[in-house]
Amino acid sequence: MGGPLEGLLVADFSRVLAGPYATMLLADMGASVVKVEGPAGDETRTWTPPVREDVSTYYLGINRGKRSIALDFRDPDDAALGRELARRADVVIENFKPGGLAKFGLDHASVSADNPRVVYASITGFGSGEGKHVPGYDLMVQAISGLMSLTGDPDGPPYRAGISVFDVMAGNHAVIGILAALRHRDATGQGQLVEVNLLSSALTGLVNHSSAYVAGGVVPFRMGNAHPSVFPYEPLPTADNDLIVAAANDGQFRRLCEVLGLSEVPDDPRFARNADRTRHREELRPVLVERLRTRGAVEWFDLLVAAGVPCGPINTIDGGFAMAERFGLDPVVVVGDVPTTRHPIRFSETPAVYRLPPPLLDEHGEELRSWLKEEQA
């Protein structure tokens, strides 16, 4: 059985992270994805270490399920093959600098003229208007959006997130936009342009911090691991490692205190409501820590979760995968001989499919060139 997008052809003219991540998710859902690369290949092929059998694990993590063809658009014949692929595609996705594909006849206006039903998704850093000249790198967006001002210790320097969070977010937004546009096409027969930019993804992704500014006129700043509006909602020390405790409402806080043997604390007027606890966090924290230091983080995790209190040990990546295994999430799938992370969505009727391992550069070039040329004749 194929995935829910079985039968859709995606022409993937993107590279690095946001676009390839989006097209991998589409491939997992059954779409046939053709990854078009320049003669040197996707940049992430060279982003090492680490490697698996001399191949970048960065590249391997976001490119399963695709066929690769290498095309040099400066060559008229290769550019013609790119246009033919776009003419047949249900979806075209690209993350070139705005206007960069126009000279090859692969911009939205050109492609949609030959293929009016196409859903054309364009991912940029700062949009196709006044920001079109600015290169779109995730680290830049983390700085420009304000995220870095929110990350780190209050008295320390700003920090980037540990992953390219806005590239991933923009990739997800691209998938959402593509699926919505396909729904519109099913109803009307009309394709459309879907535009996603990293800065807009960042600003919506800052959620409560964005709202604090636009709705409340408040500019938030970094608080380390603390939450500006909830306490306890941060790591607290135990007998061994820190434990995230996220008792975000009064009921959860009362259950936390019961497990800790502090049943009288929720009745203290200083700690009765969330607003009180947030205001008096410096008084409450040592009361909680004194009890938490009597057991280890994993032991507290089991006790508190059983009582309905959100919490979790701070793991390294291997611990995160181990926890997912413990919960029966089967987080790893092997495609070919390459272990990769399972698609995040479960479908009851049309499960994700894992047909192809991440392709070698131009691995399917011969068959794809033949297919495109035969059909043109």
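Reader: What covers the buried residues of α11?

Author: This is a predicted model, so take what follows as a reading of that prediction. The cover over the buried residues of α11 includes β9 (233-237), β10 (242-246), α9 (250-260), α10 (274-279) and α12 (297-306). The residues under that cover are Arg281, Leu284, Arg285, Leu288, Val289 and Leu292. They span an arc of only 130° around the axis, which puts them on the same side of α11.

Reader: And how many residues does α11 have?

Author: Helix α11 runs over residues 281-292, 12 residues in all, and reaches 16 Å from its first C-alpha to its last. That is close to the 16 Å expected at 1.5 Å a residue.

Reader: Now α7. Which of its residues are buried?

Author: Leu198, Ser201 and Ala202. Looking down the axis of α7, you find its buried residues within an arc of 100°, so they line one face of the helix. Their cover includes β7, α5 (138-145), α6 and β8. After α7 comes valine 207, which has a positive phi, near 35°.

Reader: How many residues of helix α1 are buried?

Author: In α1 (residues 18-28), 11 of the 11 are buried, so the helix is largely enclosed by the rest of the structure. Those buried residues pack against β1 (9-13), β2 (32-37), β5 (66-70), β6 (91-94), β7 (119-124) and α6 (165-188). Glycine 30 follows α1, and its phi is positive, near 110°.

Reader: Which residues touch the most other members of the largest nonpolar core?

Author: Leu26, Ile93 and Ile178, out of 39 residues in that core. At least two core residues come from each of α1, β6, β7, α6, β8 (192-197) and α7 (198-205). The largest share, 8 residues, is supplied by α6. Set aside the neighbours of isoleucine 178 within four places in sequence, and it is in contact with Leu26, Val91, Ile93, Val119, Ala121 and Val194. Another core lies apart from this one; it has 23 residues, among them Phe231, Val289, Leu292 and Val309.

Reader: On to charges. How do I read a salt bridge?

Author: The general idea is that side chains of opposite charge can pair when their charged atoms come close. Here the count comes to 22 salt bridges. In one of them, glutamate 6 and arginine 355 meet at 2.3 Å, N to O. This pair links distant parts of the chain, 349 residues apart: glutamate 6 sits in the segment before β1, and arginine 355 in the loop between β13 (338-341) and α14 (365-376). Glutamate 6 counts as partly exposed, at 46% relative accessibility, and arginine 355 is partly exposed as well, at 45%.

Reader: What about aspartate 28: buried or exposed?

Author: Aspartate 28 is buried, with a relative accessible area of 1%. Its salt bridge is with arginine 64, and the closest N and O atoms are 2.7 Å apart. The aspartate belongs to helix α1, while arginine 64 is in the loop between α2 (57-60) and β5, 36 residues apart. Arginine 64 also counts as buried, at 2%.

Reader: And which residue forms a salt bridge with arginine 277?

Author: Aspartate 250, with closest N and O atoms 2.8 Å apart. This pair joins helix α10, which holds arginine 277, to helix α9, which holds aspartate 250. Arginine 277 counts as buried at 0% relative accessibility, whereas aspartate 250 is partly exposed at 38%. Elsewhere, salt bridges with shared partners connect Glu234, Arg281, Glu282 and Arg285 into one network.

Terms used: Residues are numbered from 1 along each chain as its sequence is written. This is a predicted model: local features need pLDDT of at least 70, side-chain atom pairs count only at pLDDT 80 or more; totals for chains, interfaces and linings use all residues. Side-chain values use heavy atoms; hydrogens and water are left out. Buried means under 20% relative accessible area, exposed over 50%, partly exposed in between (1.4 Å probe, protein chains only). Helices (H or I, at least four residues) and strands (E, at least two) are DSSP runs, numbered from the N terminus. Contact means heavy atoms within 4.5 Å. A nonpolar core is a set of buried Ala, Val, Leu, Ile, Met, Phe, Trp, Tyr and Cys residues joined through side-chain atoms within 4.5 Å. The arc is that of the directions from the helix axis to the C-beta atoms. The expected span of a helix is 1.5 Å times one less than its number of residues. A salt bridge is a side-chain nitrogen of Lys or Arg within 4 Å of a carboxyl oxygen of Asp or Glu.
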